[in-house]
Amino acid sequence: MNPFSSGTRLRDMIRAIRACKTAAEERAVVRKECAAIRASINEDDQDYRHRNLAKLMFIQILGYPTHFGQMECLKLIASAGFPEKRIGYLGLMLLLDERQEVLMLVTNSLKQDLNHSNQYIVGLALCALGNICSAEMARDLAPEVERLLQFRDPNIRKKAALCSIRIIKKVPDLAENFINCAASLLKEKHHGVLITGVQLCADLCKVSSEALEYFRKKCTEGLVRTLRDIVNSPYSPEYDISGITDPYLHIRLLKLLRILGQGDADASDRMTDILAQVATKTESNKNAGNAILYECVETIMSIEDDGGLRVLAINILGKFLSNRDNNIRYVALNMLMRATTLDAQAVQRHRATILDCVKDSDASIRKRALELLYLLVNENNVKPLIKELIEYLEVSDQEFKGDLTAKICSLVEKFSLEKIWYIDQMLKVLSEAGNFVKDEVWHALIFVISNASDLHGYTVRALYRAFLTSTEQETLVRVAVWCIGEYGDMLVNNVGMLDIEDPITVTECDAVDAVEVAIKRHTSDLTTKAMALIALLKLSSRFPSYSERIKGIIVQNKGNLVLELQQRSIEFNRILQKHQKIRSALVERMPVLDEATFSGRRAGSLPTAISTSSGAPSNLPNGIAKPATAPIPDLLDLSSDDVPAPSSSGGDFPQDLLGVDLSPTLAPSGAGKPPKASTDVLLDLLSIGTSLPVQTGSSASDILSSSQDDKAPFANFNGLASLSSLSANATSPVNAAPMMDLLDGHGPGPQKPEENGQAYPSLVAYESSSLRVMFNFSKQPGSPQTTLIQATFTNLSSNVYNDFLFQAAVPKFLQLHLDPASSNTLPASGDGSITQNLKVTNSQHGKKSLVMRVRIAYKTNNKDVLEERQINNFPQNL
Amino acid sequence: MIHFVLLISRQGKVRLTKWYSPYSQKERTKVIRELSGLILTRGPKLCNFVEWRGLRVVYKRYASLYFCMCIDEDDNELEILEIIHHYVEVLDRYFGSVCELDLIYNFHKAYFILDELLIAGELQEPSKRTVARLVAAQDSLVETAKEQTSSITNIIAQVANTASL
C-alpha cells in the first residue's frame, strides 16, 4: 500500500488546511495532499478513490488546480454502488465543465444510469446532465431525457424537465421533440413538476416560434386557470412562504403568460382578469409578495393592453419607489426604466423621487436612478434637473463622479438650448469634476466657445475666475489656458461685458500669472503644459509689454525632459527673439470652426478611418507599403488641416490643435494599429499647433511652413510605411535640427538660376483669371535628383494682393524645400511679380516624375482668397 | 437562469461554488475575487443587488456567510432572494441550525442539497420537506451500502476509509 495514501482522512485534511496561518503554509499542505492523491491515483487505488475525490473537491473549491482528478470521477461514476456514483457525479460537476473533452467519455455511463432501475441513480445522472452537458451529449442523450419526462416518480420528471431546458438551450433543433411532453407537464399537480414544466415551456418559447404558437393556442387557458387556483388556494404549509402559497409557481406562471401574451392581443385579453387580481390582491408587506407583484408588473407592461392595467402597474411601481426597503426601490427603478418607453408621462410624475435616489447612499440604486433619470430629461425639465445634478456632483462619492459627470455632460450637450447656458453648465462641471471629463467633451466645449463670438469675453473671464478658485481639475485648467491664450486681451479689457457679469479687474500681469501657474503646476500633464506654452506665445503678442517676462517663462522649459516641450520652448523662444515683426501674425486668434465639419468629423471619424484603410496597401518596389489611394490628395488634406487659410474653409484645423481626432490622412496608419494613445494625438497636436502661427505669417514664415509641410507628410508616411506605432516623437528629432536652422535664418540663400538649367522648358504651373504661376527649372551639376524651381507669381487682376502666401506639398518620394518669397505683396495688373525658390529632391529620380500640390492664399479688397491646384505636368526626368 | 452560486465567508474564503454556465478555472478565480471585493465591502443596509459585467449578483448575508447567486438582467431579483432563503432553510433543517463549520466539513452534503434544489440554474423544488426527504433517502442508501461493504469485506482499513466520508 502507498505510504502516503493511507494518511489523512478528509476531515483531517480540512482541519490541517484550516490550521494554516499563512497562504504559503496552506499551499504547502495542499501540495502535499495533491502529491499523495496523485500517487494514489497512479496506483489505481480503489479503496481510497472516493476519499481522494472528496479531498480534491475541497481543494478545487479553494481554487487550486485539480485536473488530474478528472478521470477518477469517471471511474467512480462507472462503478456500481450508489455511494461511489454519488460522489463521482458531484466531482464531475465540480471538476469539469462542458468544454472539456474528457466529458465525452462519460456519455456512455450517463446513458446507462439514465436507464438504471434505481431512481436515485437516474436522478444523479439527470442532475449531472442538466448542469454540465455539452451540445454533443445533449444530442446523444435527448431521447432518454424525453422518455424520463413521463417517468412514474415526479421527482425524476421534474429533474428531466430542467435537464430538457439545458438540452434545448444547447441544441435548439431538438425543441420540437419536447413540445408535447412539456405541454402535458402543465397539467401536473405536483408543484416541483409544475414549476419545472412551466419553466421548460418558457424556454421552449424562446428557442422555437412553433412552440410559442402551440402553447399560446393550447395552454393559455389552462395556465390562467392554474394561476387562479394557486392565487385562491387555501393555506398549505408545505408550500407556504409568508402567507403566500408557492410564490415560485406564481412567478413562473406570470413569466410564461408574459411570453404568451407578448404581441398577441387575444392571449393578452384572456389573462387580464387574473393579472388584475394578482396586482390588487397580493400582499406587499413581505419580500415574497413583492417578488410576485414585481413579476406581475413586468407581465402587465409586456403584454398587449389598452392601458387600464398599466395604470395599476405604474401605481405599484410608485409604491415600490417610496418603499423603505432598498431592494424594492432598486427593482422599481429597474422596472420604471422599461416603463419609460410605454408611458413616459406616468414615470415623469416620480421624477422628484428618482432624483432623490440618484443621491442615495447605495451605489446600485444610484446607478439605476441615474440611468433612469437620464431617460427622463427633456427640454422642459433639463434646466432644473441639471442644476440638481451639478449640485449633487459637489458632494457625491469619488467613484460615482465619473458616471455622473459623463451623464451630465451628455445631457448638457444634448439639450444645449442656449450657448451661454451650455458654457455655464460645462464650466460648473469642469470646476467640480474636471478630472472626470472625457477629452471629447472638453474639445466640444472649446469648439462651442470659439463659435460663440459674442461670449468670448464672458467665457474667458468666467474661466479665469474658476481657475483662480481651483486648479485641481486638469480639464478646467486646459480650457482656461486655451481661452486665456486666445482671448487674453478680452480678459484684461473687459470686452463684451454681459449684464449678468460682475465686473472684474484683471491686469495683463494677472493673465500671464495664471498661465504661469498652469505650466508650473506639478500635476499638469504634457497636454496642459503644451497648451500653456502656446497660450504664452499668444499672450506675448497680445501683451507686448510682458513679452520679456513670457520669454523668461518659456525659456525655463528649454531643458525640459519631455522632448516636445523642450522643442516648443526653444522654437517659441526663437520666435520671440528673432521674429518680432511676424509674431503678431503668427499668433492670430484661431479661426472659427465650421460646425457641420466638426460634428461630421466627430461622428464620422471612426468609419472614415475604416473605409480608408480598406484600400489594400500595395507594396512598392522599395518595400514601403503605401495605401492604394493616391497620396497626393491625402497630402493635400493633411496640409489643409495644417494650414489655417484665412478663409473659413480651413476651419478643420483648430480641431487638430485640440487633438479631437486624427486627420483622415493619418487614419490609414492609425487603423492598422491599436488606437493611438492620447500622447500620440497630443504630439500631432503640438506639431500642428506650431505650424499654425507660422503659416498664417508672411514671407519669412514660408521657411517654417515648408519645413512643416515636409514634416507632416513625413510623419504621415512613416506611419504608413511601418504600420507600427511610430509616434511623431520619433520623427521630431529628425526634423528638429533643420527646423532650428531655418529659424536661425541660415537657410540656403536664393539660388541663382543655372544657365544650363534652361534644358528644361518653363512651365505655366497654374493660371487662373486672377493669377499666373510660372515655374523655371534648373539642375545643379552633380546632383541630377535635385531640381531647383524658381516660381514667379503674376497678378492678372486689377487689385493688389496682400499677405500673399504660397505653399506646396509633395508625396513622400520627394523632398521639398521652400525659400522665402521675394515679397508678400503682389502689385496689380502684372505690374511686377513675386519670385520664390523651391528645391525638390526626387528620391525616385528617373522612375517617377515630379508632382506637387500647391495652395495660394492672399487678401484682395480685404477679402481672403484661397486657390489650390495639383500640378502634374512637370517635364519628364526631373 | 442562475449562472453560478457562491458561498463566501466574511473573510473572503470560498465555502462553496457551483457553476451552471461554463467558466474556466482562471475565470472562476477572477470572478470570485472581483465579487468578494464588490460584495464584502457593501454596508449592511444597502440593497442586496450588485451589477456586474452586465449581469446581476443577488447576495444575502447569513451570520458570517454571504450567499451569492448571479442571474441575468431580466430575472426576478426578489425571487432569487427567496431561493437563497429557501436553500438556507433546507440547510438549517438538515444540519439542525447550520453554521459555517458544518458547511466546511460537510461541503459535499451542502452540494447534495443544492443539487436537489437547482438544476441547470433553475429552481427544481419549492417544498423544503420534499428536498429534505430526497436527501435523507439518498443518505440512507449510502449508509446501507456502507454496512454491506463492512459486513462482507470486514477489513478495518475500509471501515476507516468509509467512515471518513
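This briefing describes selected helices, sheets and residues of the structure shown above.

The model is predicted, and it scores ipTM 0.91 and pTM 0.66. Chain B averages a pLDDT of 90, and 92% of its residues score at least 70. Where pLDDT is low, the predicted coordinates should not be read in detail.

**The sheet of chain B**

- In chain B, five strands make up an open sheet with the order β2-β1-β5-β4-β3, and their pairing is antiparallel.
- Strands of a sheet pair through backbone hydrogen bonds, either parallel or antiparallel.
- The edges of the sheet in chain B are formed by β2 (14–19) and β3 (49–52), each of which pairs on one side only.
- From one strand to the next, the twist of this sheet averages 20°.
- Within the sheet, strand β1 (residues 2–9) and strand β5 (residues 65–71) of chain B are paired over seven bridges in the antiparallel sense.
- B:Ser9 has B:Leu65 of β5(B) opposite to it.

**Helices of chain A on the sheet of chain B**

- Helix α17 (residues 326–339) of chain A lies across β3 and β4 (55–62) of chain B.

- Strand β6 (residues 771–779) and strand β7 (residues 786–795) of chain A run antiparallel and are joined by nine bridges.
- A:Ser778 is placed opposite A:Leu788, which lies in β7(A).

**A pair of packed helices in chain A**

- Two packed helices are described by the angle between their axes and the distance between the axes.
- Helix α6 (residues 107–114) and helix α8 (residues 135–148) of chain A pack at an angle of about 5°, and their axes are 10 Å apart.
- Angles under 35 degrees count as roughly parallel, and α6(A) and α8(A) are therefore roughly parallel to each other.
- On the side of α6(A), the contact is made by A:Thr107, A:Leu110, A:Lys111 and A:Leu114. On the side of α8(A), A:Met137, A:Asp140, A:Leu141, A:Glu144, A:Arg147 and A:Leu148 take part.
- By class, this contact of α6(A) with α8(A) has five nonpolar, one polar and four charged residues.

**Two individual residues**

- B:Asn106 is located in the loop between α3 (100–105) and α4 (107–117) of chain B.
- The relative accessibility of B:Asn106 is 15%, and the residue counts as buried because this value is under 20%.
- Not counting residues up to four places away in sequence, B:Asn106 touches A:Arg11 and B:Phe95.
- A:Glu432 belongs to helix α23 (residues 419–433) of chain A.
- With a relative accessible area of 25%, A:Glu432 is partly exposed.
- A:Glu432 touches A:Leu393, A:Glu394, A:Lys401 and A:Gln473, not counting residues up to four places away in sequence.
- A:Glu432 and A:Leu476 are 44 residues apart along the chain, and their C-alpha atoms are separated by 9.2 Å.

Note on methods
Residues numbered from 1 in each chain as written. Chains lettered and ligands numbered in written order. Predicted model: local features only at pLDDT ≥ 70, side-chain atom pairs only at ≥ 80, totals over all residues. Heavy atoms only, no water. Axes fitted to C-alpha atoms, helices over the stretch in contact; angles between N-to-C directions. Helix = DSSP H or I, 4+ residues; strand = E, 2+ residues; numbered from the N terminus. Parallel < 35°, antiparallel > 145°, perpendicular 65-115°, else oblique. Contact = heavy atoms within 4.5 Å. Nonpolar A, V, L, I, M, F, W, Y, C, P; charged D, E, K, R; others polar. Pairing = 2+ DSSP bridges. pLDDT = per-residue confidence, 0-100. Buried < 20%, exposed > 50% of the residue type's maximum accessible area, 1.4 Å probe, protein only.
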